[in-house]
Amino acid sequence: MNRHERRKNKGKGIEDKKFFEALATAIKVHETRSFDKAESIYKRLLITHPQSYELNRHIGILYQDSGRVEESFNFFVKCIERNPKGFEAYNNMGTSYIIAKEYDLAIQCFIQSLSISNNYYPAVNNLASLYARRGDGEKSLEYSKTLLQIYSNNPNTISEQNISATFTLCPALVSDAGEPAGGPAGAIAYALNSVKFDPATAGRCNDEGECSLAQGQGNWNICLLYTSDAADEEDSVDLG
C-alpha cells in the first residue's frame with residue numbers, strides 16, 4: 001500500500017467516525033422524542049450515507065414512534081435489500097405491522113428474524129406478547145419459555161421480596177376527628193390515586209391466594225386497601 005492509499009484510507013476512517021458520532025447523537029435526540037430535530041439530523045446523514053443499514057433502520061423506527069408507520073416500511077425494506085440477513089430490520093418491520101394491525105404479517109417478520117438469529121430477544125419477546133394478545137396461550141408460553149432459556153441466569157420463580165420506600169403523601173381528610181366517615185366501614189382519609197388509609201384492617205391471605213378482609217387466615221397481611229381507575233393501555237412491543 002503506497003502513501004496515497006494510506007492517506008485515503010485514513011481520511012475515510014475519520015469520515016466514518018464522524019458519521020457514527022453524528023448517528024449516535026441523532027439516536028439520543030430521538031430517544032428524547034424530539035422527532036423533528038432527530039429527523040433533520042438523520043436526513044443530513046442520509047445525503048452522504050444513503051445505504052447505511054443502521055441509519056435507515058433508525059429512520060424507520062423514528063417514523064414508527066412519530067405515528068408515520070406507513071413511511072417506516074420503506075426504510076425497513078431498504079435495510080433488508082441492503083442486508084438480507086438484517087434480523088433487526090425484520091423485527092422492526094414486524095412492529096410496524098403490529099401498529100398497522102396486520103398481525104399475521106408481523107408474525108412472519110418475527111419468525112424470519114429468528115430464522116437468522118434464533119436468540120434475538122426482541123423478536124422472541126414480541127412473538128410471546130403477540131400470541132398472548134391473540135389468545136394463543138400455547139404459542140405464547142412456548143416463546144416465553146424460550147425467553148427464559150436465552151436468559152437462563154435470570155430468576156424465573158416468584159419469591160417474597162422486602163421492599164421499603166419513603167415518600168410524601170397528600171391526603172384529603174374525611175374526618176378531622178380521626179373517626180371513619182360512614183361508620184366502621186368508612187375511611188379516615190384518602191391519598192393520591194384514590195388510596196384509602198386503612199391501617200387497622202384485619203385482612204389476611206393464604207398461600208393459595210384466598211383472602212378475607214376480616215379475621216382472615218394465612219401468612220399474608222393486608223395492610224392497605226386501594227382502588228384505581230387507570231385506563232387500559234396497549235401492549236408494548238420490543239423494538240430492539
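**Exercise 1.** Is F75 buried or exposed?

*Solution.* Start with the cut-offs: buried means under 20% relative accessible area, exposed over 50%, and partly exposed in between (1.4 Å probe, protein chains only). F75 has a relative accessible area of 14%, so F75 is buried. This is a predicted model, where local features need pLDDT of at least 70, side-chain atom pairs count only at pLDDT 80 or more, and totals for chains, interfaces and linings use all residues. Residues are numbered from 1 along each chain as its sequence is written, and side-chain values use heavy atoms, with hydrogens and water left out.

**Exercise 2.** How many aromatic pairs does the structure hold, and what kind do Y63 and F75 form?

*Solution.* Rings of Phe, Tyr and Trp (its six-membered ring) pair if their centres lie within 6.5 Å; planes under 30 degrees apart are stacked, over 60 edge-to-face, and the rest tilted. There are five such pairs. Y63 and F75 lie 5.5 Å centre to centre with 55° between the planes, a tilted pair. This pair links distant parts of the chain, with Y63 in helix 3 and F75 in helix 4 (residues 69–82), 12 residues apart. Helices are DSSP runs (H or I, at least four residues), numbered from the N terminus. Y63 is buried too, at 2% relative accessible area.

**Exercise 3.** What kind of aromatic pair do Y131 and Y143 form?

*Solution.* The centres are 5.9 Å apart and the planes 10° apart, which makes the pair stacked. Y131 sits in helix 7 (residues 121–133) and Y143 in helix 8 (residues 137–150). Both Y131 and Y143 are buried.

Methods. Helices (H or I, at least four residues) and strands (E, at least two) are DSSP runs, numbered from the N terminus.
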